Amino acid sequence: MSGHVVVNGREQPVGRGETLAALLERLGVGARYALVERNGEPVERARYAEVRLEDGDSLVVARPVAGG
Amino acid sequence: MNTHDPLVIAGREFRSRLLTGTGKYDTFETMREALAASGSQIVTVAVRRIDFDAPGEDITAFLPEDVLLLPNTSGCETAEEAVRSARLARAGGLPDWVKLEVIPDPRYLLPDPVETLRAAAQLVEEDFTVLPYVLPDPVLQKKLEEVGCATVMPLAAPIGSGRGLKLRDAIRIMVEQAEVPLVVDAGLGAPSHAAEAMEMGADAVLVNTAIARAGDPVAMARAFRLAVEAGREAHRAGIMEEGSDAAASSPVAGAIHGA
């Protein structure tokens, strides 16, 4: 079953069984650090390749930026 | 004097006592050069959602590999938001060190002491190394130390104001009673301000705007490095006591005058 997830407030289609790592790749997030929260819970970096997205998931995708 | 004088935070040794921020540089190339010139080994970053319409450059490609990245919780107005931000950063692979800032006030950008203490206690409980940014308050300092913070970081003057040690009397008390490193963070505008903080006995300073917005940020980064080193060495050397009367530096007897 494919479906949609919400990434930073915007809908994104996801394929059946698509992993978080695959979605990040597709979104062009190749940064050294991509920081992800899924349905309000932080996701460990080591699990990006195994977390399979589900229809209706809500994701926050962040990264380090310039700051003091 | 023993030249081995590391800054020790949470059991980790650093040669440099100048922490730097990465904000407000015109370009990441200038930032990279300035960070190198500063000699900093601890460098702050913020954490923000990616704007997929305009992602911009990845700052981490411009940061030296051998520095400790210190994610901050800027933008957080409550303890809950700060804890959430820190958890997100750590889960994603950033260090488990956090510059804790909880700032609900957009005008003066002053930190909320109650929320900061609450967040600090929670984050220490979750095994973060917590470096809280606070108003200079010696009572709050003790409470932050009691809950297990790795440093306490009082502001010298409002963030980005460059006004120097406006709150020096309170900071002096904090220096006297510090049990974990005291880092003067925010408001330092010139290397002389940093030197003054170090002469007073601060363990380190954190500088961002004063370097990033200088006419020549790379040269200013070097100037801050030298000022921090000079201030630290002066503190360790023992600064003379002030006197109210003049005291001649040369012998009084045998002066060449008269017959």
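Reader: How many helices and strands does the secondary structure of chain B come to?
Author: This is a predicted model, in which local features need pLDDT of at least 70, side-chain atom pairs count only at pLDDT 80 or more, and totals for chains, interfaces and linings use all residues. Residues are numbered from 1 along each chain as its sequence is written, while chains are lettered from A and ligands numbered from 1 in the order in which they are written. Helices (H or I, at least four residues) and strands (E, at least two) are DSSP runs, numbered from the N terminus. On this basis, the secondary structure of chain B comes to eight helices and ten strands.

Reader: What is the radius of gyration of chain B?
Author: The radius is taken over C-alpha atoms, and the globule rule is 2.2 Å times the number of residues to the power 0.38. For 259 residues the rule gives 18 Å, and the value for chain B is close to this, so chain B is as compact as a globular protein of that length. Its radius of gyration is 20 Å.

Reader: What percentage of the residues in chain B is buried?
Author: A residue is buried if 20 or more other C-beta atoms, placed from the backbone, lie within 10 Å of its own, exposed if 12 or fewer, and partly exposed in between. Of the 259 residues in chain B, the buried ones make up 45%.

Reader: Which residues of helix α1 of chain B are buried?
Author: The helix comprises residues 28-38.

Reader: Which elements of chain B do the buried residues of α1(B) pack against?
Author: Residues are in contact if their C-beta atoms, placed from the backbone, lie within 7 Å. The partners of the buried residues of α1(B) are β3 (18-21), β4 (42-49), α7 (209-212) and α8 (217-237) of chain B.

Reader: Which residue with a positive phi follows α1(B)?
Author: The phi of this residue is near 70°. The residue that follows α1(B) is Gly39(B).

Reader: Which residue of β7(B) stands opposite Val98(B)?
Author: Strands pair if DSSP finds at least two bridges between them. β6(B) and β7 (129-134) of chain B pair in the parallel sense over four bridges. Within these strands Trp97(B) stands opposite Thr129(B), and Val98(B) opposite Val130(B).

Reader: Which strands of the open sheet of chain B are its edge strands?
Author: This sheet of three strands has the order β6-β7-β8, with parallel pairing. Each edge strand pairs on one side only, and these strands are β6 and β8 (153-154) of chain B.

Reader: Is Leu68(B) partly exposed or buried?
Author: Leu68(B) lies in strand β5 of chain B. Beyond residues up to four places away in sequence, it touches Gln41(B), Ile42(B), Pro95(B) and Trp97(B). With 16 C-beta neighbours inside 10 Å, Leu68(B) counts as partly exposed.

Reader: Which element gives the largest share of the side of chain B that touches chain A?
Author: 28 residues of chain B are in contact with 23 residues of chain A. The elements that give two or more residues to this side of chain B are β4, β5 (68-71) and α2 (79-91) of chain B. The largest share, six residues, comes from β4(B).

Reader: Which residue of β4(B) stands opposite Arg63(A)?
Author: Strand β5 (residues 58-66) of chain A pairs with β4(B) in the antiparallel sense over five bridges. Opposite Arg63(A) stands Arg48(B).

Reader: Which pattern does chain A follow along the sequence?
Author: Chain A has one helix and five strands. Its radius of gyration, 12 Å, agrees with the value near 11 Å that a compact globule of 68 residues would have. Read along the sequence, the pattern of chain A is β-β-α-β-β-β.

Technical notes:
Two residues are in contact if their C-beta atoms, placed from the backbone, lie within 7 Å.
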